[in-house]
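Hi everyone, thanks for making time.

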Amino acid sequence: MVSGKCSEQPNRYEESTVRLTRKVFTRGVVLCLALALVWALAAPAAAASLRTLRTPPIFIPPPPVNDREPLLPPLQAQIVEYEVRSGDTIWDIASAFGTDPDSLAIINEMSNANRLQPGQLLRVLNMPGLLYRVDPGDEVADIADAYGINSEDILAVNFIRSGDDLTVGQEIILPYARPAREAVLAARGELWLWPVSGRITSFFGPRWGSFHTGIDISAPTGTPVAASRGGRVVFAGWRGSYGNLVIVDHRDGKTTWYAHLSRFAVGTGAWVERGQTLGFVGSTGRSTGPHVHLEIRVHDQPQNPLNFLP
Ligand SMILES: [Zn+2]
């Protein structure tokens, strides 16, 4: 009997434990439901506020993997994604994130930083600097030298232990790296220029069973034709259906061709500035009226000029 009573005690205890557990469980379920409801109501609002500025960044530097501290305190540099809103300018966005407009434009491979589109997604580095994709054989010291910055800053900002720890294809932040002048001009939309202003009467692409290798810009005879970019005149003369043609070499694998000119203002071998007059609009060669046929070639392959012009 005693043993029976003794055995009942734990049973009652167990029952009360079960009841307590049930109570706790029920409360837990209610709490969870309440939390889920709050989350369901709050989530769309949170999502809306995150639509313009989304973190974590695309590039997350890995944490230090050893017991040794980075040589310099990490600057907490990171890339965040930003969705352009109506009325935003490149200057607004750059200053809001503590970077500069040129860095921002170049990182996003812009061809005209003045033409932001609402809804456009930008990658924004939260400090002045550039991004760099590691090529085979790259060493931190060489990259630092090429951009005139400090190796230790590169290591610290990217949480890289040593210069040997680079991975090919890895994207690293180059803190305070200054872009090349040409890159700045290209990103600002100030590298290329329309040779004349006028209506495009024929676009790049297939035309009448052949392929139109440039664009035709209509302009009155005698209108000055400006160099789209600075460079060296490598041809100024007559060339078949092009008529009077000027070719300018921009020394980065690109050339611009200006055809059907009535007269020349430069000769072969001349160095020209962007905007300098090369010649004048005409209708020489195979042409049905006064216009400039403009070609932009990359490694001698004609490209669509509209991909370059501002
Ligand atoms: Zn043409």
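Let's start with contacts, meaning pairs of residues whose C-beta atoms, placed from the backbone, lie within 7 Å. Of the contacts in the protein with a separation of 6 or more, 65% are between residues 24 or more positions apart. A word of caution: this is a predicted model, where local features need pLDDT of at least 70, side-chain atom pairs count only at pLDDT 80 or more, and totals for chains, interfaces and linings use all residues. Residues are numbered from 1 along each chain as its sequence is written.

The protein has six helices and 18 strands; those are DSSP runs, numbered from the N terminus, with helices being H or I of at least four residues and strands being E of at least two.

How much of the protein is buried? Buried residues are 27% of the 310, where buried means 20 or more other C-beta atoms within 10 Å of the residue's own, again placed from the backbone.

On to nonpolar cores: sets of buried Ala, Val, Leu, Ile, Met, Phe, Trp, Tyr and Cys joined through C-beta atoms within 7 Å. The largest has 32 residues, and Leu104, Ala105, Ile154 and Leu174 have the most contacts inside it. Among the elements that each supply at least two of its residues are β2, α3 and α5. Leaving out residues up to four places away in sequence, Ile154 touches Val140, Ile143, Ala144, Ile149, Ile172 and Leu174. There's also a second, separate core of 23 residues, including Ala226 and Tyr258.

Last, an open sheet: three strands, ordered β10-β16-β14, with antiparallel pairing, where pairing takes at least two DSSP bridges between strands. β10 and β14 each have a single partner strand, so one side of each is left without a neighbour in the sheet. In β16, Gly279 stands opposite Phe264.

Conventions
Buried ≥ 20, exposed ≤ 12 C-beta atoms within 10 Å, placed from the backbone. Contact = placed C-beta atoms within 7 Å.
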